[in-house]
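Open the model in your viewer and keep the selection tool ready. We will go stop by stop.

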Amino acid sequence: MVVHMSQSSAPASVSSLDQHGQAETAQEIVSLDAVSFGYSRKRLVLQDLNLSIQQGEFLTLLGPSGCGKSTILNLIAGFYKPLAGLVTHGGEEVKGPSARRGVVFQSNALFDWMTVEQNIGFGFRFQSLSKYEKRQRVDTIIGLVGLRGNERKYPYQLSGGMRQRVAVARSMVVQPEILLMDEPFAAVDVQTREGLQEELLKLHEQVAGAILFVTHSIEEAVFLSDRIVILDRNLGGIAHDIKIHLPDPRYTAMNRVSDAFNQYRTDLYLKMKAIG
Ligand SMILES: Nc1ncnc2c1ncn2[C@@H]1O[C@H](COP(=O)(O)OP(=O)(O)OP(=O)(O)O)[C@@H](O)[C@H]1O
Ligand SMILES: [Mg+2]
């Protein structure tokens, strides 16, 4: 089943050559143009940052603590405004939060007094849809994130991994054009984390939106991403922009151990070390 997300208005068309010299045509969904931001005027966290995310792209931000990864997500989400420059979504300036942009953080507060399906349904708070449509969408997403059979459970009855799935489902149920994920799997154990990564890739395959993901794990970034951007705290911007080419389907165990995977991992590790 394919869930079609609504198209944004008039996105820019971008043509470029990838590292194999192949022509690529992509539609830009979100862009930061010459964005500067700081929490105080004395120190800018981001300086003249240019970053664009293509429709359907899985883009990951890597970089040392404090380099501004969460700040970028918050700017795109519309929680903060840039001091200079422009953040656009579908060619329009981002002026505040919108259901067109979903957000998932490391620890997502689920409501203890709501069941799994009620927590997911909370995602509709900004949207007016018929009860029938809401029920259909909640039911579909529960299947996609592997929570079938847990619809009536309360958060205290769930494992950490299941709670994160509820949070992902809550942000996906509104079919956002872009999903912003800030270290969403950092607080779960390694096995659960691998399972969640694989489910996220399957979800991304079926739901045609872009994902902007933040992690500290190089392995997680390589396994999940079409493209990785490494940020440098001293530059207040991008140090490296790297395309990742691994065979489809991406969620196979081979893609965690192959030579290609290891090469990307080594390359990224050295680039991160050089930044410090
Ligand atoms: N609300 C805030 N008020 C003041 N300074 C802040 C605030 N949030 C972040 N900062 C500062 O801005 C800089 C960038 O923070 P940000 O949270 O974006 O980094 P990050 O790359 O997400 O780091 P981490 O990997 O640790 O999550 C840091 O120096 C941080 O101390
Ligand atoms: Mg952060």
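**Stop 1**

Select alanine 34, which is partly exposed, with a relative accessible area of 31%. Here buried means under 20% relative accessible area, exposed means over 50%, and partly exposed is in between (1.4 Å probe, protein chains only). Alanine 34 sits in strand 2, residues 23-37. Helices (H or I, at least four residues) and strands (E, at least two) are DSSP runs, numbered from the N terminus. Now look at the backbone: phi of alanine 34 is near 50 degrees, a positive value in a residue other than glycine. Most residues other than glycine have a negative phi, and most peptide bonds are trans.

Before you go on, two notes on the model. It is predicted: local features need pLDDT of at least 70, side-chain atom pairs count only at pLDDT 80 or more, and totals for chains, interfaces and linings use all residues. Residues are numbered from 1 along each chain as its sequence is written, chains are lettered from A and ligands numbered from 1 in the order in which they are written, and side-chain values use heavy atoms, with hydrogens and water left out.

Next, select aspartate 48. It lies in strand 3, residues 46-54. Aspartate 48 is not a glycine either, yet its phi is positive, about 55 degrees. Is aspartate 48 buried or exposed? Aspartate 48 is exposed, at a relative accessible area of 53%.

**Stop 2: leucine 32**

Go back to strand 2 and pick leucine 32. Leucine 32 counts as buried, at 0% relative accessibility. Which residues is leucine 32 in contact with, leaving aside its neighbours within four places in sequence? They are Leu49, Asn50, Leu51, Ile72, Ile76, Leu86 and Val87. Contact means heavy atoms within 4.5 Å. Then draw a distance from the C-alpha atom of leucine 32 to that of proline 82: it is 9.5 Å, for residues 50 apart along the chain.

**Stop 3: arginine 101**

Select arginine 101 in strand 7, residues 101-104. Arginine 101 is buried yet has no salt bridge. A salt bridge is a side-chain nitrogen of Lys or Arg within 4 Å of a carboxyl oxygen of Asp or Glu. The nearest side chain of opposite charge, glutamate 177, is 7.1 Å away. For charge, Lys and Arg count as positive and Asp and Glu as negative; His and the chain ends are not counted.

What does the side chain of arginine 101 make a polar contact with? Show the side chain of histidine 89, at 2.9 Å. A polar contact is a pair of N or O atoms within 3.5 Å; within protein, one must be able to donate a hydrogen and the other to accept it, and residues adjacent in sequence count only if both atoms are side-chain atoms. Leaving aside neighbours within four places in sequence, arginine 101 is also in contact with other residues, including Ile76, Val94 and Leu180.

**Stop 4: ligand 1**

Select ligand 1. How many residues surround ligand 1? There are 13, and the closest are Arg43, Ser65, Lys69, Thr71 and His216. A residue is near a molecule if one of its heavy atoms lies within 4 Å of it. Now check some oxygen atoms of the ligand:

- A backbone N or O atom of glycine 68 lies 3.0 Å from a ligand 1 oxygen.
- A side-chain N or O atom of serine 70 is 2.8 Å from a ligand 1 oxygen.
- A side-chain N or O atom of histidine 216 is 2.7 Å from a ligand 1 oxygen.

Taken alone, ligand 1 exposes 640 Å², and the protein buries 60% of that. Accessible areas come from the Shrake-Rupley method with a 1.4 Å probe; for residues, only the protein chains shown count as cover.

**Stop 5: salt bridges**

A search of the whole structure finds 12 salt bridges. Start with arginine 152 and glutamate 117, whose closest N and O atoms are 2.7 Å apart. This pair links distant parts of the chain, 35 residues apart: arginine 152 is in the loop between helix 3 (131-144) and helix 4 (160-172), glutamate 117 in helix 2 (residues 116-121). Arginine 152 counts as exposed, at 63%. Glutamate 117 counts as partly exposed, at 27%.

Move to lysine 271 and aspartate 267, bridged at 2.8 Å, N to O. Both lie in helix 7, four residues apart, about one turn of the helix. Finish by selecting Glu57, Arg227 and Asp241, which are linked in a network of salt bridges.
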